[in-house]
Amino acid sequence: MKKISDLFSLTSRKRILSQSFFFGAIATVSVISTAFAWNSKAYAQTPPPIVNNTVNNTEINSYAQAVLAMEPARQNAFEEIKKLIGNGEIPKIVCNDPNSINGLPKKAQDIAVNYCTHAQKIVEDNGLRFEQFNKITIELQNNNILKRQVYNTLLRLQQPSESR
């Protein structure tokens with residue numbers, strides 16, 4: 001009987017860990033609209049939405065892999081900038097908006113630029129153009145079907161390889 005409870009406990013811990021990591025990964029996505037953000041174009045209004053079925057499974061998988069890969073670097077950059085700024089609020093940093101980066105102290109500018117360059121490389125290494133990544137990120141805010149697909153993909157990617 002003890003072995004069953006140990007297995008249940010291990011399974012529960014894995015599920016909790018997996019879910020908490022997922023929410024951390026989603027935080028990476030939402031950070032695009034908070035501390036670090038990217039805009040591929042300056043839209044006068046909201047960017048055009050992604051029409052249903054235009055994001056295929058390969059793009060969803062690439063998107064999820066990119067989000068997971070950039071999360072540790074994002075957390076590190078955010079913490080480094082936070083230390084430099086101190087108790088002040090960290091301003092919104094948009095990777096392709098020099099004005100948002102220029103307002104930071106010089107060392108924080110370097111950290112932000114390095115992060116943005118690294119994040120763009122991660123996105124491209126995972127088979128997406130930066131514009132695609134941004135459109136998917138924006139679409140996630142309003143498309144529950146896409147959000148569920150990305151969620152499930154993030155969970156699947158975080159499973160140990162033998163259980164996939």
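I began with the aromatic rings and noted that ring pairs link Tyr 63, Phe 130 and Phe 133 into a cluster. Rings of Phe, Tyr and Trp (its six-membered ring) pair if their centres lie within 6.5 Å; planes under 30 degrees apart count as stacked, over 60 as edge-to-face and the rest as tilted.

I recorded that this is a predicted model, in which local features need pLDDT of at least 70 and side-chain atom pairs count only at pLDDT 80 or more, while totals for chains, interfaces and linings use all residues. Residues are numbered from 1 along each chain as its sequence is written, and side-chain values use heavy atoms, with hydrogens and water left out.

**Aromatic pairs**

I searched the whole structure and found 2 aromatic pairs. Phe 130 and Phe 133 are 3 residues apart in helix α5 (residues 130-140), which separates them by about one helical turn. Helices here are DSSP runs (H or I, at least four residues), numbered from the N terminus.

Buried means under 20% relative accessible area, exposed over 50% and partly exposed in between (1.4 Å probe, protein chains only).

**Helices α2 and α6**

I next examined α2 (residues 57-85) and α6 (residues 144-158), whose axes come within 9 Å and cross at roughly 60°. That angle makes α2 oblique to α6. Angles under 35 degrees count as roughly parallel, over 145 as roughly antiparallel, 65 to 115 as roughly perpendicular and the rest as oblique. Axes are lines fitted to C-alpha atoms, for helices over the stretch in contact, and angles run from 0 to 180 degrees between N-to-C directions.

In the contact (heavy atoms within 4.5 Å), I listed residues including Tyr 63 and Leu 68 of α2 and Leu 154 and Gln 158 of α6. The contact residues divide into 8 nonpolar, 5 polar and 1 charged. Ala, Val, Leu, Ile, Met, Phe, Trp, Tyr, Cys and Pro count as nonpolar, Asp, Glu, Lys and Arg as charged, and the others, Gly among them, as polar.

I then looked up Gln 158, which counts as partly exposed at 22% relative accessibility. The C-alpha atoms of Gln 158 and Leu 68 are separated by 8.8 Å, although these residues are 90 apart along the chain.

**Helices α2 and α4**

I finally noted that the axes of α2 and α4 (residues 106-125) come within 10 Å and cross at roughly 180°. This makes α2 roughly antiparallel to α4.

Conventions. Helix = DSSP H or I, 4+ residues; strand = E, 2+ residues; numbered from the N terminus.
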